[in-house]
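Biologist: Could you walk me through this one slowly, as I am still new to reading structures?

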Amino acid sequence: MDHYFNERAPGQTPDALPFRIRLSNGLTRTDPTTFTAEEIADAGYVLAPERPEPDPGRRVVWDSGVWTQVPLPVPTLRSLSRFEFMGLLTPQERIALRQRAAAGDVVLADALEMLGLAAHVEVGHPLVTQMLGYVQSIGVMSAERREAFVAAMDAAAK
């Protein structure tokens, strides 16, 4: 299907012709299947060039009558410092996690070691989500407390 842009309405992205077009004499036409090339041009519509496929890491946008490629936006990482993250845990939760790790819970020992190496903890990171699920499954946090912890992380993130 052909896509058109209206030279009289800058900023619009090319699209199919609208159902109704207004001619320069003020009359309107309302059936795109019957529009003539002359009527389309008279209404200000121009056939747009075919939209190209974007290169990797880029997206295609319509800019001033031409398709251009621009870099994809870089998602902003929202994170907390390790200190801020640990501060969201209650003292009882911190003690329970350390005790379980010391007692041989290798999952917790590994998680605490990884946390000790991290400068920041990314909100929503799959490992954080997985770890909180594990902490809930072993009874250190209730489901409600886990939800409150995630909300607190989200609120504290920069």
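This is a predicted model: local features need pLDDT of at least 70, side-chain atom pairs count only at pLDDT 80 or more; totals for chains, interfaces and linings use all residues.

Biologist: Okay, how many salt bridges does a search of the whole structure find?

Modeller: The search finds four salt bridges, where the term stands for a side-chain nitrogen of Lys or Arg within 4 Å of a carboxyl oxygen of Asp or Glu. One of them joins the side chains of Glu-39 and Arg-29, at 2.3 Å from N to O.

Biologist: Which parts does that pair tie together?

Modeller: Glu-39 lies in helix α1 (residues 37-42) and Arg-29 in strand β3 (residues 28-29), so the pair links parts that are 10 residues apart in sequence. Helices (H or I, at least four residues) and strands (E, at least two) are DSSP runs, numbered from the N terminus.

Biologist: And is Glu-39 buried or exposed?

Modeller: Glu-39 counts as buried because its relative accessibility is 15%, whereas Arg-29, at 24%, counts as partly exposed. Here buried means under 20% relative accessible area, exposed means over 50%, and partly exposed is in between, with a 1.4 Å probe and protein chains only.

Biologist: What does Asp-154 pair with?

Modeller: The side chain of Asp-154 meets that of Arg-78 in a salt bridge, at 2.7 Å from N to O. Asp-154 lies in helix α6 (residues 143-156) and Arg-78 in the loop between β6 (66-71) and β7 (79-81), so this pair ties together parts that are 76 residues apart in sequence. Asp-154 counts as partly exposed at 39% relative accessibility, and Arg-78 counts as partly exposed at 31%.

Biologist: Switching topic, which residues touch the most other members in the largest nonpolar core?

Modeller: Those are Phe-85, Val-135, Phe-149 and Met-153, in a core of 17 residues. A nonpolar core is a set of buried Ala, Val, Leu, Ile, Met, Phe, Trp, Tyr and Cys residues joined through side-chain atoms within 4.5 Å.

Biologist: Where does the largest share of this core come from?

Modeller: Helix α5 gives the largest share, with four residues, and α3 (91-102), α4 (106-117), α5 (126-137) and α6 each supply at least two.

Biologist: What is Phe-149 in contact with, leaving aside its neighbours within four places in sequence?

Modeller: With those neighbours set aside, Phe-149 is in contact (heavy atoms within 4.5 Å) with Phe-85, Leu-88, Leu-89, Leu-132 and Met-141. There is also a second, separate core of eight residues, which includes Tyr-4, Ile-21, Phe-35 and Ala-43.

Biologist: Last one, how do α5 and α6 cross?

Modeller: Their axes come within 10 Å and cross at roughly 150°, where axes are lines fitted to C-alpha atoms, for helices over the stretch in contact, and angles run from 0 to 180 degrees between N-to-C directions. That makes α5 roughly antiparallel to α6, given that angles under 35 degrees count as roughly parallel, over 145 as roughly antiparallel, 65 to 115 as roughly perpendicular and the rest as oblique. The α5 side of the contact is made by Val-128, Thr-129, Leu-132, Gly-133 and Gln-136, and the α6 side by Ala-143, Arg-146, Phe-149, Val-150 and Met-153.

Terms used:
Residues are numbered from 1 along each chain as its sequence is written. Side-chain values use heavy atoms; hydrogens and water are left out.
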